Amino acid sequence: MSINGLQKRFQSSSMAAELNQSPFDNIRQQMEDVLGNGGVLKEVVHPGEGPSVPQNASVLIHYSGFLEYSDQPFETTTHFKHPCMMKLGRDVTLPGMLLGLLTMRKGEFSRFLLHPRYAFGEMGCPPLIPSAAPVLYEIQILDILDSGQVDDFVILSPDEQNMFPLCKLDEVVNTLRSFGNRCFNQSRYEKAKEHYKQGVELLGNRVRLSDAEAKKLQMALLPLYLNLSLTELRLERPRKALKYANRALDVDSSSTKALYRCGQAYLELGDNERAHDYLVKAQTRKPFDGDINNLLKTVTIAYKDSLDKEKDLYAKMFAGFKGSAEKQTNDDPSQ
């Protein structure tokens, strides 16, 4: 959509030339001056919602960069399987792009025209970027994670962390879980595990001031334990998956997901009987859940097959024992 929009604009370059205007000059007329000095100009194509991007945050974005007179981007992320998660000041260092992102909100799609001093400077970036070249960036923000808040919180000592209200800890842990979920969805399971475990550690550092707060902390642990259990299953570590699933059950013994995770872990461990027991408990709580029912069917078949094999084994053992006893009787001398 965005490239087509640019193509339409660039197709009008001949008309702009008649007016002694370049394509970027034409675009500038409908853009807002972010800094007041013409260095970063902005056009909102689709507005977002919520607060603007905070300092040192991480943003999940798609972006494309264009040079003047070109309708093909010199860099783009739109062909990536997953959007980029980029931390301001670390992954985003281009001054104009950094300043532009700080004006954006979740869900927003905007264009930014950057003066060379806010882009690649007088030297450019050969061979892609000529010297003293203005550039146009199209940016879409899909999500915002306040990683700066997390960074500031985790460097504090446990005593210093406990000086903050519980809601602050909740925000930090939720951000860590969101980071973990992003990594999990990209199959970066070890990295996802790191984020989940960091959340567990922060919750464990909290001094419980009341029974109500203790209960809130326990409930905050539940999704982290469940996510850790699933991550360990993806990493083919069923014993660790079972450990975290049991911790989730310690928090909430009626958790359907925890029971399901136990069933998955026991199936991977080859313990079909226990897998069957846990999945039956999960099915009792959610009788129409497709995942539970499908796995229970698989386990039931495997459990029945294992019982049949045991019966065959015992039958052969008994037959062998009976044959041996008969042979021994026949070989005994007559009295």
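Residues are numbered from 1 along each chain as its sequence is written, and side-chain values use heavy atoms, with hydrogens and water left out. Because the model is predicted, local features need pLDDT of at least 70 and side-chain atom pairs count only at pLDDT 80 or more, while totals for chains, interfaces and linings use all residues.

The protein chain contains 13 helices and nine strands; these are DSSP runs numbered from the N terminus, with helices taken as H or I of at least four residues and strands as E of at least two. Of the 335 residues in the chain, 40% are buried (buried means under 20% relative accessible area, exposed over 50%, and partly exposed in between, with a 1.4 Å probe and protein chains only). Contacts are defined by heavy atoms within 4.5 Å. Among contacts between residues at least 6 apart in sequence, 65% join residues at least 24 apart.

Empty space was examined next. Rolling a probe the size of a water molecule over the atoms shows where such space is left. On a 1 Å grid over the protein atoms alone, a cavity is a set of points where a 1.4 Å probe fits but cannot get out, whereas a pocket is an open set with protein on both sides within 12 Å along at least five of seven lines; lining residues have an atom within 4 Å of a point. Grid points are joined across faces, edges and corners, and a volume is the space filled by probe spheres set on the points.

The search of the whole structure finds one cavity of 30 Å³ or more. The largest cavity holds about 40 Å³ of space, and its lining consists of Phe153, Pro158, Gln161, Asn162, Leu169, Leu202, Asn205 and Arg206. At least two of the lining residues come from each of helix 6 (158–161) and helix 8 (189–205). The lining comprises four nonpolar, three polar and one charged residues, where Ala, Val, Leu, Ile, Met, Phe, Trp, Tyr, Cys and Pro count as nonpolar, Asp, Glu, Lys and Arg as charged, and the others, Gly among them, as polar.

The largest pocket has a volume of about 370 Å³. Its lining is made up of 18 residues, and Ser58, Arg90, Phe179, Lys191 and His195 lie nearest the centre. Strand 6 (84–87), helix 5 (147–154), helix 7 (166–185) and helix 8 each contribute at least two lining residues. By class, six residues of this lining are nonpolar, five polar and seven charged.

Glu49, Gly50, Pro51, Ser52, Pro54, Lys106, Ile144, Leu145, Asp146 and Thr175 form its lining. The lining divides into four nonpolar, three polar and three charged residues.

Two packed helices are described by the angle between their axes and the distance between the axes. The axes of helix 5 and helix 7 come within 9 Å and cross at roughly 120 degrees; axes are lines fitted to C-alpha atoms, for helices over the stretch in contact, and angles run from 0 to 180 degrees between N-to-C directions. Helix 5 contributes Ser147, Gln149, Val150 and Phe153 to the contact, and helix 7 contributes Lys168, Leu169, Glu171, Val172, Thr175, Leu176 and Phe179. Six of the contact residues are nonpolar, three polar and two charged.

Lys87, in strand 6, is buried at a relative accessible area of 12%. Beyond its neighbours within four places in sequence, Lys87 contacts Asn56, Ala57, Ser58, Val92, Ser147, Gly148 and Asp151.

Tyr63 belongs to strand 4 (residues 58–67) and is buried, with a relative accessible area of 12%. Its C-alpha atom is separated by 5.7 Å from that of Thr76, 13 residues apart along the chain. Not counting residues up to four places away in sequence, Tyr63 touches Glu75, Thr76, Thr77, Thr78, Met86, Met97, Tyr137, Glu138 and Ile139.

Leu224 lies in helix 9 (residues 211–234) and is buried, with a relative accessible area of 0%. With neighbours within four places in sequence left aside, Leu224 is in contact with Val173, Arg177, Tyr196, Gly199, Val200 and Leu203. The C-alpha atoms of Leu224 and Gly180, 44 residues apart along the chain, are separated by 9.5 Å.
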